[in-house]
Amino acid sequence: MSATLTIGLLAELFPNGISHYALGGLLVGLGVAVIYLGTGIAAGASTFLESTLSYGSSLSQFQQYRASRDWRVVFTLGIVAGAAVYALTFQSGLVSSGLQSGATTGELRDVGGITIWLTDVQPWRLFLGGILIGIGTRVGKGCTSGHGVCGVGSASSASFVGVATFLLIAIGTAQLVQAVGVSP
Amino acid sequence: MSADHEQHPLFLPLVFAGGLIFGFGLGFSHMAQPEVVLNFLTFEDLGLLFVMFGAAVVTGLTFFGVKLFRSDAPLTGTVYGRRLKTLDTNVVLGGGIFGVGWGLSGICPGAAYASLGVGNIFILYGIAGMFVGAYIQGYWRSTSAGTDASTPTAE
């Protein structure tokens, strides 16, 4: 009886299962761990924005990242490449896994035998959201990877506060946007 | 954090390898899909909790565990330390602005780069926006020198 209830609740809260989320998360953490073990650097993804701007801007705020800008570009290229490997394998059906539930969001399109995925979220949401993210992560000293993964993994009080803040505000914003009928 | 780090021949290959695993994980977890993030924020699918907590558990065990075996990193000589930032109003203010952007778009920096990797060219709108935003705050902080413009925000 209670087992049935539990399973029912799980199905409601996690309609797409949890295994691919959990395994993906472990890999995200592993990527950070590999870099940390070799270099001592707890890499976040958002500093790339400012460090890359230092190539084209002499503003002091960007120039402070000169020393790290090259490896941050390499890290970001690695992220893009890693996701592309996923696209070439699991997303394209070359490799299949019982852990992967078939997500039905967005649009899957076949381009020369490779399955690419395209979002349905409207461009203005991406662009405006991007601007706020660019401002917010830099003022707030981190993003979902810097605060959420590296900072929380470091048991940093600033990161706990940062994550709690952006998580609650993001939930409120997403609910509001949904409530006024913006979709997708 | 000096450029000397990059002199080790394995430094950049290792950073790339780490990014590769990180990006593959974001693709595999579907976090590179803004819709999945928005479904999480509207409580339709809470699976994303497992991505963030799963990742934080691995980094936490690594950050705290490695010190039992050695004190500095083999490629850089950097002493292993935690990622600690100063807790001030900027953390809350910036976190709030980031939260509005995240809730509006369903994207965040790492996931956006990964989204490009899964073929989502529309994410370029978001990435372009992020650079515009990063430039706006950089311009503002560089020109309003003396106040909090010197706050270090590395990582």
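A residue counts as buried when its relative accessible area is under 20%, as exposed when that area is over 50%, and as partly exposed in between. Keep these cut-offs in mind during the tour, and remember that the model on your screen is predicted.

**Stop 1: Ala155 of chain A**

Select Ala155(A), which lies in the loop between H7 and H8 of chain A. Its relative accessible area is 36%, so Ala155(A) is partly exposed. If you display backbone angles, you will find that the phi of Ala155(A) is near 55°, a positive value in a residue other than glycine.

**Stop 2: His30 of chain B**

Now go to chain B and select His30(B), in the loop between helix H1 (11–28) and H2. His30(B) is not a glycine either, and its phi is positive, at about 65°. Is His30(B) buried or exposed? With a relative accessible area of 5%, His30(B) is buried.

**Stop 3: chain B as a whole**

Of the 155 residues in chain B, 57% count as buried. Its accessible surface comes to about 6100 Å², and 72% of that surface belongs to carbon and sulfur atoms.

The UniProt record, an unreviewed entry, lists "transmembrane region" for residues 9–28, 48–69, 90–112 and 118–136 of chain B. If you select residues 48–69 of chain B, you will see a span that is 82% helix and 0% strand, with its end C-alpha atoms 32 Å apart. Residues 90–112 of chain B are 87% helix and 0% strand, and the end C-alpha atoms of this span lie 23 Å apart.

**Stop 4: helix H4 of chain B**

Select residues 89–105 of chain B, which form helix H4; this helix has 17 residues and reaches 24 Å from its first C-alpha to its last, close to the 24 Å expected at 1.5 Å a residue. At the start of H4(B), look for Asp88(B), where a side-chain oxygen reaches to within 3.0 Å of the backbone nitrogen of Asn90(B). At the other end, H4(B) is followed by Gly106(B), whose phi is positive, near 80°.

How many of the 17 residues of H4(B) are buried? The number is 12, so the helix is largely enclosed by the rest of the structure. Among the buried residues are Asn90(B), Val91(B), Phe98(B), Trp102(B) and Leu104(B), together with several glycines, including Gly94(B), Gly95(B) and Gly96(B). To see what covers them, show helix H6 (123–139) and helix H8 (157–179) of chain A, and then helix H2 (34–41), helix H5 (109–117) and helix H6 (123–143) of chain B, which are included in that cover.

**Stop 5: where the two chains meet**

Show both chains together, and note that 132 residues of chain A are in contact with 118 residues of chain B. The two chains bury about 11000 Å² between them, with 74% of it on carbon and sulfur atoms. Tyr21(A), Tyr36(A) and Lys141(A) supply 8% of the area that chain A buries against chain B, more than any other three residues.

Zoom in on Lys141(A), which has its place in the loop between H6 and helix H7 (146–153) of chain A. Lys141(A) counts as buried because its relative accessibility is 1%. What does the side chain of Lys141(A) reach? It reaches the backbone oxygen of Thr86(B), at 2.8 Å.

**Stop 6: Ser46 of chain A**

Next select Ser46(A), in the loop between helix H2 (19–39) and helix H3 (47–53) of chain A. Ser46(A) is at 1% relative accessibility and therefore counts as buried. Leaving aside neighbours within four places in sequence, Ser46(A) is in contact with Thr137(A), Arg138(A), Gly142(A) and Cys143(A), and also with Pro109(B) and Tyr113(B) from the other chain. With Arg138(A), the side chain of Ser46(A) makes a polar contact, side chain to side chain, at 2.9 Å.

**Stop 7: the segment after H8 of chain A**

Finish with residues 160–182 of chain A, one of the spans listed by UniProt as "transmembrane region" in an unreviewed entry. This span is 87% helix and 0% strand, and its end C-alpha atoms are 30 Å apart. Then select Pro184(A), found in the segment after H8 of chain A, where the peptide bond from Ser183(A) to Pro184(A) is cis, with omega near -5°.

Definitions and conventions:
Residues numbered from 1 in each chain as written. Chains lettered and ligands numbered in written order. Predicted model: local features only at pLDDT ≥ 70, side-chain atom pairs only at ≥ 80, totals over all residues. Heavy atoms only, no water. Helix = DSSP H or I, 4+ residues; strand = E, 2+ residues; numbered from the N terminus. Expected span 1.5 Å × (residues − 1). Buried < 20%, exposed > 50% of the residue type's maximum accessible area, 1.4 Å probe, protein only. Contact = heavy atoms within 4.5 Å. Polar contact = N/O pair within 3.5 Å; in protein donor to acceptor, adjacent residues only side chain to side chain. UniProt positions renumbered as here; feature names shortened; annotations may be inferred. Areas by Shrake-Rupley, 256 points an atom, 1.4 Å probe, with all protein chains shown as cover. Buried area = accessible area lost by both parts, 1.4 Å probe.
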